[in-house]
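Hi,

Here is the structure we talked about handing over. Please have a look, then read the notes below.

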Amino acid sequence: MYAHDDRHLATIRDQARLLERIVDDLRTISLAEAGALPLQVEPVAIEPLFASVAGAMAARAVARGIRLESRRLELAIRGAAARLRGEP
């Protein structure tokens, strides 16, 4: 047995979350391949999606000396908006 160590417990928790995400992703892929993945396909504006991603990544980019910039995109695609936003 090992002594209680918060750092090790945090690592175990982080790895468990990563494995959970991998399992969820594999389940989603399996459902998609079987044609059983329920998707609500609709027009999705790209600009707000890109702006959201850029906003979420801004602090990491600045910390690494990377400058993010975005341009107006008057473009829409057909897709599952919730999944494109990273929602289940």
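**What was found**

Along the sequence, the protein chain runs α-β-α-β-α. That comes to 3 helices and 2 strands. Helices (H or I, at least four residues) and strands (E, at least two) are DSSP runs, numbered from the N terminus.

This is a predicted model: local features need pLDDT of at least 70, side-chain atom pairs count only at pLDDT 80 or more, and totals for chains, interfaces and linings use all residues. Residues are numbered from 1 along each chain as its sequence is written, and side-chain values use heavy atoms, with hydrogens and water left out.

**Overall shape**

The radius of gyration of the protein chain is 19 Å, whereas a compact globule of 88 residues would have one near 12 Å. The radius is taken over C-alpha atoms, and the globule rule is 2.2 Å times the number of residues to the power 0.38. Along the principal axes, the C-alpha atoms fill a box of roughly 60 × 45 × 15 Å.

Of the 88 residues, 9% are buried. Buried means under 20% relative accessible area, exposed over 50%, and partly exposed in between (1.4 Å probe, protein chains only).

Now the contacts (heavy atoms within 4.5 Å). Among those in the protein chain with a separation of 6 or more, 79% join residues 24 or more positions apart.

**Salt bridges**

The whole structure holds 2 salt bridges. The term means a side-chain nitrogen of Lys or Arg within 4 Å of a carboxyl oxygen of Asp or Glu.

One pairs D14 with R17, with the closest N and O atoms 3.9 Å apart. Both residues lie in helix α1 (residues 6-33), 3 residues apart, about one turn of the helix. D14 has a relative accessible area of 43%, so it is partly exposed.

The other joins the side chains of E69 and R67, at 3.1 Å from N to O. E69 counts as exposed because its relative accessibility is 52%. R67 is at 68%, so it counts as exposed too.

**I77**

What does I77 touch, not counting residues up to four places away in sequence? The list is E42, P43, V44, I46 and L84. I77 itself lies in strand β2 (residues 76-80). Its relative accessible area is 35%, so I77 is partly exposed. I66 is 11 residues from I77 in sequence, yet the two are 28 Å apart in space, C-alpha to C-alpha.

Best wishes
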